[in-house]
Amino acid sequence: MHLLKLQSVSRDFDVSRPWLNRVIEHEPRRILRAVDRVSFEILKGETLALVGESGCGKSTVARLIAGLYAPTEGRIEFRGRRLQMIFQDPYASLNPRWRVHKIIAEPMMFLNGGKPVADLLVQVGLSPDDADRYPHEFSGGQRQRISIARALAGEPELLICDEPTSALDVSVQAQILNLMAELQERLGLTYLFISHNLAVVSLVADRVGVMYLGRIVEMANASDLFARPRHPYTRMLLDAVPDLDMSGKSRTPVAGEVPNPLAPPAGCAFHPRCPHANARCQAEVPRFLDGVACHAVEEGRI
């Protein structure tokens, strides 16, 4: 049974210049579609990762699910009681004026209950004595552990993790990922994991959704996606990962740049960068069929 379901969810942002400027210079309003008809489900107890280049809309999806943004269109269905969010920057997500005890206890003040703060600190690998310290007295990895403890204070079923390790050193990233895996197994948590780091995603995800310019272009089990990527964009992302095994496999680096989201290309948004694009790709938006949205895959050309 799914814990979370998104049905054709879109989010628009008005990025127009001030009204007077538009009147004087005869400019129309400018609407940015950051998320475009995104649909997926997350099953209870699994980890779904959303990946893609910066600006693809994955963090906006996370904020829509968390309720920080309201969808312009579509429906978000959450069958649990609570969800919490772990943010990317552990230096910006904690109040520097509060001691750790108050930071972690804040969710419990609104929920009228929860575990003792000392128990939550021990659960994330910190000491109960750390409750009396301020955030600036901790390293980046320790701060992220505090953020995780704060999220767990609300006893959530779903944790939205918005690039929770990208601001950390590589060795510390591994520690945080191991901690999150242990907590998931022990507490039965469900994760939505947002990341641009495919190496990290390959370690934590059960399923992976690949986003490009606000849309999901491929969704598959993690093992299948990394072994047999189908969409050309997914292949290009994987080719950009360093080949540490020195396999000698031919690689095609990601070419070009993400188009301007205020003026996206007609048809398939990826066609200006795709080596398999044809006239149909330039004119017709591909349907999401069998886990992938690509005319070349649908026609058997790749």
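Which side chain meets that of Glu77 in a salt bridge? In this predicted model, the partner is Arg79, and the N to O distance between the two side chains is 2.9 Å. Arg79 itself is partly exposed, as its relative accessibility comes to 44%.

This pair belongs to a wider set of charged contacts. Side chains of opposite charge can pair when their charged atoms come close, and the structure holds 24 salt bridges. Several of them are worth a visit in turn.

A salt bridge also joins the side chains of Glu53 and Arg273, here with 3.0 Å from N to O. Glu53 sits in the loop between strand E3 (47-51) and H2, while Arg273 sits in the loop between helix H9 (232-239) and helix H10 (279-283), so this bridge ties together parts that lie 220 residues apart in sequence. The two partners fall into separate accessibility classes: Glu53 has a relative accessible area of 22% and is therefore partly exposed, whereas Arg273, with 7%, is buried.

Helix H10 brings up another pair. Arg280, which lies in that helix, meets Glu298 of helix H11 (residues 295-298), and their side chains form a salt bridge with an N to O distance of 3.7 Å. Because the two residues belong to these two helices, the pair ties together parts 18 residues apart in sequence. Arg280 is partly exposed, with a relative accessible area of 25%, and Glu298 is partly exposed as well, at 36% relative accessibility.

One network of them links Asp12, Arg33, Asp36, Arg37, Glu73 and Arg215.

Val61 is placed in helix H2, which covers residues 58-66. Its relative accessibility is 0%, so Val61 counts as buried. What surrounds this residue, once neighbours within four places in sequence are left aside? Val61 is then in contact with Leu6, Val35, Phe40, Leu50 and Met211.

How values were computed: Residues are numbered from 1 along each chain as its sequence is written. This is a predicted model: local features need pLDDT of at least 70, side-chain atom pairs count only at pLDDT 80 or more; totals for chains, interfaces and linings use all residues. Side-chain values use heavy atoms; hydrogens and water are left out. Helices (H or I, at least four residues) and strands (E, at least two) are DSSP runs, numbered from the N terminus. Buried means under 20% relative accessible area, exposed over 50%, partly exposed in between (1.4 Å probe, protein chains only). Contact means heavy atoms within 4.5 Å. A salt bridge is a side-chain nitrogen of Lys or Arg within 4 Å of a carboxyl oxygen of Asp or Glu.
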